[in-house]
Structures are given as structure tokens and as C-alpha cells.
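Try each task yourself before reading its solution.

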Amino acid sequence: MSTTQPLVLAAELAAAWSDIQAFHQDLPDLASPEALIGESSSACGTRLGFERLLHEAAHGLAAARDIRDTSRAGRYHNRRFLLLASELGLAHPIEPHASSGFSQVTMLKETRERYAETIERLDRALGAHQEAVTGDGASRAFRGPAARHGSSGGGVRVKAVCGCGRNVRVVPSVLAQASIVCGACQQPFKIA
């Protein structure tokens, strides 16, 4: 695999996140786009793409607004998550899933149109990344942020704090892989 490929994908994920922030100013910065590339999460979906990024943005808005949008170790997405997802242009099932609640959100047509250029850029980067990872263009499932989901092999999240006092919840093994840097003060998050 090309050593530049994860960097290109991480840069495209960060750019796509910035495009979402343009419409949702209170959405915090994406602390580590690289973390989206290799972690697993079944409750939030298994395929990396713009729809998944919007799903994660709903969690980001919840964190910024101090809203508890999940329960059951992050697996069950409640009605507060639903409201945030709707705000971001995601549709939801009428009835919650028994174990994951309202996690299975999908992009509305108007949302897809609003972000058409962003989606195209991200899809190209994802395609190139998949080609580099598999070598044959075969599709492999994205394994999203396990940090919120104890049952998906990610373990228990702990609070990590940066120099300016902002905090994130993260699985210690994820933080051990590489530093997660605060977008506000550029200091690494450390377990409190």
C-alpha cells in the first residue's frame, strides 16, 4: 500500500468535514480523520462514505451541545440523535431498531445535491484507498470508530483532555497508536 494513500484519504475526510461545518458552525473540528479509516463500529454503520461522515457529524453536534445521543455503550441511538441527524439532512426509520435504535440513517436527496462535489471528491479518494489496500479493487467494509462501542472490540472509552481543556472519549489503544491533536490549541489529547 502506498504510504501517501492514508494521508490523501485523511485529507479528503477532513475537507469533507469542513464542508459540513460550513452549514453547521457549532460542529467541532474532526480531531483525527485517520481514526475513521481503520476502526470498527457496527452501530454507526460499517461503510465509510459521506453518509457515514454525516452520521458522525450528528455525534459531533451532540458532543458540542452536551447532548447524550446514545446509550448502551454507544450502541443505541436515541431520539436526540434522530433530531441531530435530521438537522444534518439525514432521514431515519420510523421505528427504532431493537439494539441500535435510530442509527440506520440515510441521506436525503436534497442533502446529496447540496454536497454533490464533496461526495464525488470523497468517493474518488475512497476508491483510490481501497485499490491501494486490496490491490485488486475489491470492496472491503469500512470499520468505523470503535471508541464509542465497547461491544465492537474497541473496549471502554476514557476521557482524554488537551491543553485548553477540551475533551474527547477514546479507547486507550486508539490513543496509543498515534496522538490525537486538538484543533483549537494544537496540543495532543492525553488520558485524564
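**Exercise 1: Around H24**

Leaving aside its neighbours within four places in sequence, H24 is in contact (heavy atoms within 4.5 Å) with E87, L88 and Y115. Before going on, a word on what you're looking at: this is a predicted model, where local features need pLDDT of at least 70 and side-chain atom pairs count only at pLDDT 80 or more, while totals for chains, interfaces and linings use all residues. Residues are numbered from 1 along each chain as its sequence is written, and side-chain values use heavy atoms, with hydrogens and water left out.

Task: say where H24 is found, and decide whether H24 is buried or exposed.

Solution. Step one: look in the loop between α1 (5–21) and α2 (33–38), and there's H24. Helices here are DSSP runs of H or I with at least four residues, strands are runs of E with at least two, and both are numbered from the N terminus. Step two: the relative accessible area of H24 is 8%, so H24 is buried. The cut-offs are under 20% for buried, over 50% for exposed, and partly exposed in between, using a 1.4 Å probe and protein chains only.

**Exercise 2: The whole chain**

Task: find how many helices and strands the protein chain has, and what share of its residues is buried.

Solution. Step one: count 7 helices and 7 strands. Step two: of the 192 residues in the protein chain, 41% are buried. Step three: take the contacts between residues at least 6 apart in sequence; 56% of them join residues at least 24 apart.

**Exercise 3: Two positive phi values**

Task: D66 and R72 aren't glycines, yet each has a positive phi. Where is D66 found, and what is the place of R72?

Solution. Step one: D66, with phi near 55°, is in the loop between α3 and β1. Its relative accessibility is 73%, so D66 counts as exposed. Step two: R72, with phi of about 55°, lies in the loop between β1 and β2 (76–77). R72 has a relative accessible area of 44%, which means it is partly exposed.

**Exercise 4: A184**

Task: which residues is A184 in contact with, once neighbours within four places in sequence are left aside?

Solution. Step one: go to the loop between α7 (172–177) and β7 (190–191), where A184 is found. Step two: the contacts are C164 and R166. Step three: compare A184 with C162, which is 22 residues away in sequence and 9.3 Å away in space, C-alpha to C-alpha.
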